[in-house]
Amino acid sequence: MTEKKNTKGILLRLGKYVLREWPLFLSAVLFTLLSNQLSLLGPKYSGAAIDAIGLSGGTDFSAVRENVIKMAVCYAISAVLAYFLAVIMVHLSQRIVYAMRKQLFEKLNTLPVGYFDTHPTGDIISRISYDIDTINSSLSHDLVQVMTSVYTVIGSLVFMWNISKPMILIFAFTVPASILFTRYRSKKVRPLFSERSKKLGELNGFAEEMLSGTRSIEAYGKQDVISGRFNERNETAMEAYYRAEYYGATLGPSVNFINNLSMSLVAMLGGILYMLSFGGKFEETSIFFITLGGVAQFVQYSRKFAGPINEFANILHEFQSAFSAAERVFRIIDEEPEPADAQDAQSLEHVEGFVEVDDVSFGYTPEKPILKNVSVTAKPGKTIAIVGPTGAGKTTIINLLMRFYDVDSGEIRLEGIPAKEIKRKDLRKAFTMVLQDTWLFHGTVFENIVYGRENATFEEVKAAAKAARIDKYIESLPDGYNTVLSDDGVNISKGQRQLITIARAFLSDAPMLILDEATSNVDSRTEIKIQEAMNELMKGRTCFVIAHRLSTIQNADNILVVLDGKIAEQGTHEELMKAGGFYSSLYNSQFA
Amino acid sequence: MKFLLTYLKPFRNRMAVGFSIKVAGTVAELFLPYILTHILDNVIGTLRVEKVIFWGVVMIICAAAACAGNIIANRMAAKTSKDFSKKMRKDLFEKTLYLSASDTDRFTIPSLESRITTDTYNVHNFVSMMQRMGVRAPILLIGGLSISFFMDANLALVMLATLPFIFITVYSISKNGVPLYSKVQKSVDNMVRVVREDTQGIRVIKALSKNDYENRRYDAVNLELSKEERKAGTIMGSVNPIMTLLMNLGITAVVAISAFTVAKGISTPATVIAFVQYFTLISMAMMVISRIFVMYTKCAASANRIAEVLETPDSFFVTEDDSPADEEKFISFENVSFSYLGKKNNLENLSVSVPKGGTLGIIGATGSGKSTFAKLLMRSYEADSGKIKIAGRDISSYSRKELTAMFGVALQNDFLYADTVRENIAFGRELSDDEIRRAAKIAQAEEFIEALPEKYDHVIAPKGTNLSGGQRQRLLIARAVAAKPDIIILDDSSSALDYKTDAALRKALDTELSGSTVITVAQRVSSVKNCGLILVLDNGKVIGRGTHEELLETCPEYKEISDSQMGGAFID
């Protein structure tokens with residue numbers, strides 16, 4: 001039942017995409033009908049021409065010429081129409097696919113950060129490229145074909161009804177038989193097609209993950225092991241493909257068979273009815289009465305009637321793949337986005353940088369709490385350092401401040417306003433972040449730095465780069481600031497990447513700053529050189545700093561020692577040293 | 001396209017059988033209309049019911065045969081295309097892993113990824129459709145043509161005259177079509193790149209509220225892709241109408257000419273009528289062929305892209321060098337220079353040697369060439385000049401296997417994947433539990449692994465996103481030391497470890513793996529301070545060499561680094 005509902009739902013949604021482009025769709029249907037009609041006129045004129053040739057009194061050349069010219073004109077116009085149709089279809093399917101890709105991508109950007117932490121990139125890519133492409137090819141090839149064949153099917157049915165009602169009875173058995181059989185098979189095969197798309201997605205996920213690590217794989221010489229593992233997944237994916245095809249393969253030929261069966265029955269029944277009619281068993285007004293010509297016509301129409309149904313059965317498995325693909329695409333589109341801002345969410349006008357974390361508890365999964373009853377107050381312009389062993393929950397505090405995740409209990413307030421009541425965009429705009437994992441995109445160095453503040457001038461960008469001690473390096477690149485950074489390019493080291501992200505932060509004018517291992521990849525001499533600029537950046541801003549270097553930390557206004565999700569100690573360097581707890585032992589260990 | 005044939009070759013027997021079954025099924029199906037005509041024309045007139053039923057049953061038998069034949073053939077086709085793409089994709093992926101670093105850079109990862117995915121699918125689709133639809137149409141075409149020749153050779157020749165035009169059209173469109181689809185695939189690469197970047201940088205994007213900017217950035221590549229697809233579609237859309245038109249003009253010419261031949265008594269009107277009917281059949285076949293042809297064009301573009309990767313020559317070569325083993329100069333660089341872009345040297349005239357079991361530290365500013373040293377030693381890149389030797393032999397004299405077997409590496413770009421902790425340490429090597437535990441212990445990772453819910457069987461998130469930076473580094477170090485390699489390279493791989501842990505790690509390396517030569521690339525003096533030899537690099541040149549104590553005296557830059565880190569210990 002749910003399966004059925006689901007199928008209908010997907011069909012409806014796909015239909016909506018098509019209907020949104022109704023002018024194109026309508027003209028596509030119109031052009032198909034016109035072009036078909038015209039190509040049917042061709043045989044009519046050729047018949048007339050042949051009649052003129054076969055006249056008993058010799059060939060009527062002028063009639064032949066006239067009809068031949070008409071033929072040529074019909075075919076030419078039909079070809080032009082067919083080409084227009086093809087172009088319309090390309091435009092139609094491209095518009096739909098473009099819209100779908102756009103919708104999918106824009107959706108991705110609204111999803112919570114957690115989604116990306118748990119879903120492999122390769123699978124997401126597979127959906128936006130392969131799955132949508134599958135929908136595309138099904139749309140552009142099969143859609144109009146199906147729509148116009150409905151016209152043919154109904155048309156021939158009407159004609160057959162007029163010729164002989166008893167013979168139509170045959171279809172009353174065979175048509176439901178095809179429909180039932182199709183439904184029965186589809187139901188069986190659908191999960192196989194879904195499985196196939198899923199396995200392909202997993203395969204892509206694995207490929208993506210491994211391709212990001214080619215250098216490590218090379219260093220260990222484990223190419224064969226990894227490709228062996230790839231092949232296991234390849235095997236599973238192709239097996240899923242094969243199973244879908246194997247069971248799907250019965251559908252087309254079986255429906256064909258049912259159609260051919262009805263044709264044979266039509267021939268037999270028609271023959272018998274004709275013989276009985278000929279023998280005078282039926283009155284001419286009887287519904288059973290039929291002439292030889294009537295039988296011949298009925299047979300012709302029944303072939304016309306069967307044609308599209310066969311065609312449809314044959315492309316049905318393409319529909320099945322498109323369906324499963326659409327299902328995967330819609331699943332992202334239906335994914336719960338970051339909860340919308342509350343209706344009465346406030347905009348932040350002026351931010352001083354007063355942050356309160358009040359009795360906050362949080363866990364990424366309910367069974368594993370990470371933070372337990374954490375409370376901190378950060379006054380404007382003060383620096384808060386967060387210290388603690390790996391996995392204690394330092395980065396989690398940052399995730400909550402930025403509302404990448406929402407707290408389970410307790411409250412975070414900014415300027416006294418609960419974070420949940422502030423527009424997310426404004427909240428995030430109030431922070432500038434430099435993270436350990438540097439992120440640059442494919443674009444020029446300039447574009448990557450100006451990302452921090454789009455309206456910055458070149459001079460400002462250059463000044464930021466200078467402050468981050470990366471200007472000299474950039475100028476040494478072939479095209480200076482216009483050098484395009486390729487994602488895994490060799491021409492830039494991790495430290496240099498981090499300096500560029502620091503330059504990006506220098507451009508920002510946000511009143512609060514988050515530094516999460518911001519200089520972990522930068523050598524210490526450079527670090528000292530940019531320290532001055534960093535101090536400048538931190539001046540007047542509320543800062544949250546996670547760092548390894550105790551020298552960075554010891555000047556903080558408030559040092560939080562996070563142990564096991566709780567704040568074990570807090571205070572200034574002097575206070576904590578005096579207290580003689582975890583911090584002081586850590587600090588003293590460096591001189592040990 | 002040639003390589004497609006080589007991939008299909010192993011399946012030629014199966015394909016031949018499937019093909020024959022398909023032909024038989026198709027012929028059986030093609031009989032149906034003839035029997036039908038036969039019943040209408042000859043049988044009904046006899047008024048004998050049993051004859052009608054007889055022929056009706058014959059029809060049903062033919063239909064059943066067609067059905068069975070098609071099902072079997074389609075299944076065989078599915079099997080062939082499955083095995084075919086499995087093999088092709090496997091080879092492609094394997095080759096991708098074996099590409100040299102510079103080849104990978106040249107192709108770019110998003111492009112390699114879309115070659116493994118969408119391009120293989122395109123080729124796969126074609127191979128599978130070719131087998132399903134590529135039989136009936138040619139039979140109809142050839143059958144129709146030969147029957148028409150049989151009926152009236154003169155008129156058939158007129159029809160045949162259209163074929164050269166069709167071929168010219170097909171040829172010229174395909175010549176334009178393949179590059180168009182190559183462009184489409186290139187746009188797919190770009191789209192994949194943006195999606196990939198966004199999923200990786202989602203935190204930064206959200207932090208800076210750059211949704212609109214990213215949407216615009218994506219829109220640009222999306223539009224481009226749509227544009228290229230439209231372009232290709234518009235050109236390829238002309239194939240079918242042009243082919244149909246040419247065929248139809250052919251039949252028009254047949255009718256026109258038959259007017260004269262009939263008048264002269266060479267043909268009869270009946271043959272002309274039959275001719276026209278066969279012609280309809282033939283042009284229907286042509287429609288299918290034109291669709292196959294469009295798919296072929298798309299497939300050819302993708303096949304070229306796959307072939308491009310598969311045919312990339314392996315830049316790894318092995319030379320002869322049977323110099324005696326040299327334990328004293330176990331690792332030696334002699335006057336090595338190297339540049340990534342050929343513009344400015346990233347390493348210049350570097351000479352250094354390390355004894356077996358010795359330790360080498362390399363320190364220097366960001367971009368000074370530290371990592372380049374490690375990459376050259378592992379032969380990820382070839383040095384431009386100078387010699388690099390391991391155990392007395394030039395590194396180019398080792399096979400790929402021999403070379404990598406000597407190394408244990410923790411690289412700067414940490415690579416962890418969604419699998420168990422155990423597997424991430426073993427990394428495809430056959431290591432016992434003891435060895436893995438020991439490695440974790442050396443890497444100071446034991447404690448946090450034991451705290452994980454399933455310990456060594458704990459599955460980590462893709463790219464290790466659910467571990468902290470320090471935990472990730474420890475796993476990578478455990479991986480590097482697990483197989484007790486001859487050479488351990490730690491490239492900036494303990495930067496997230498606290499001072500104490502780092503010191504414990506160094507000590508463990510020293511005692512547990514005393515036979516291994518350890519190369520430490522670092523920014524922290526504390527990480528290299530105990531090394532037997534330390535190199536200070538600046539802009540690719542050695543500006544200081546010696547032990548920690550010596551360097552403090554002789555190298556002001558080193559002293560400056562050291563001083564800057566004094567009292568600035570690192571905590572985790």
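Predicted model: local features only at pLDDT ≥ 70, side-chain atom pairs only at ≥ 80, totals over all residues.
Helix H8, residues 162-200 of chain B, and helix H11, residues 239-263 of chain B, have axes that come within 10 Å and cross at roughly 170 degrees. Because an angle over 145 degrees counts as roughly antiparallel, H8(B) is described as roughly antiparallel to H11(B). On the H8(B) side, the contact is made by Thr162(B), Phe165(B), Ile166(B), Thr169(B) and Ile173(B). H11(B) contributes Val239(B), Ile242(B), Met243(B), Leu246(B), Met247(B), Leu249(B) and Gly250(B). Taken by class, the residues of this contact are 9 nonpolar and 3 polar, with no charged residue.

H11(B) also takes part in a contact with the other chain. Which helix of chain A packs with H11(B) at an angle of about 175 degrees? The partner is H3(A), and the two axes are 9 Å apart. That angle makes H3(A) roughly antiparallel to H11(B).

The residues that meet here are as follows. From H3(A) there are Phe61(A), Val64(A), Val68(A), Met71(A), Ala72(A), Tyr75(A), Ala76(A), Ala79(A), Ala82(A), Tyr83(A) and Ala86(A). From H11(B) there are Asn240(B), Pro241(B), Thr244(B), Leu245(B), Asn248(B), Leu249(B), Thr252(B), Val255(B), Ala256(B) and Ala259(B). Of the residues in this contact, 17 are nonpolar and 4 polar, and none is charged. I would draw your attention to Leu249(B), which is listed in the contact with H8(B) and again in the contact with H3(A).

I turn now to the interface as a whole. Here 141 residues of chain A are in contact with 143 residues of chain B. Helix H3, residues 61-110 of chain A, gives the most to the chain A side, with 22 residues. That side has 71 nonpolar, 48 polar and 22 charged residues.

Next, the domains. Chain A is assigned domain 1, at 111-333, and domain 2, at 355-589; their C-alpha centres lie 54 Å apart. For chain B the assignment gives domain 1 (1-98), domain 2 (134-315) and domain 3 (331-565). Between the C-alpha centres of domain 1 and domain 3 of chain B, the separation is 61 Å.

Finally, I would point to helix H6 of chain A, residues 165-211. Its 47 residues reach 65 Å from first C-alpha to last, close to the expected 69 Å. Where does H6(A) kink? The kink, of about 30 degrees, lies at Val189(A), shortly before the proline Pro191(A).

Key: Residues numbered from 1 in each chain as written. Chains lettered and ligands numbered in written order. Domains from an automatic or database assignment. Helix = DSSP H or I, 4+ residues; strand = E, 2+ residues; numbered from the N terminus. Expected span 1.5 Å × (residues − 1). Bend = angle between axes of the 7 residues up to and from the residue. Contact = placed C-beta atoms within 7 Å. Nonpolar A, V, L, I, M, F, W, Y, C, P; charged D, E, K, R; others polar. Axes fitted to C-alpha atoms, helices over the stretch in contact; angles between N-to-C directions. Parallel < 35°, antiparallel > 145°, perpendicular 65-115°, else oblique.
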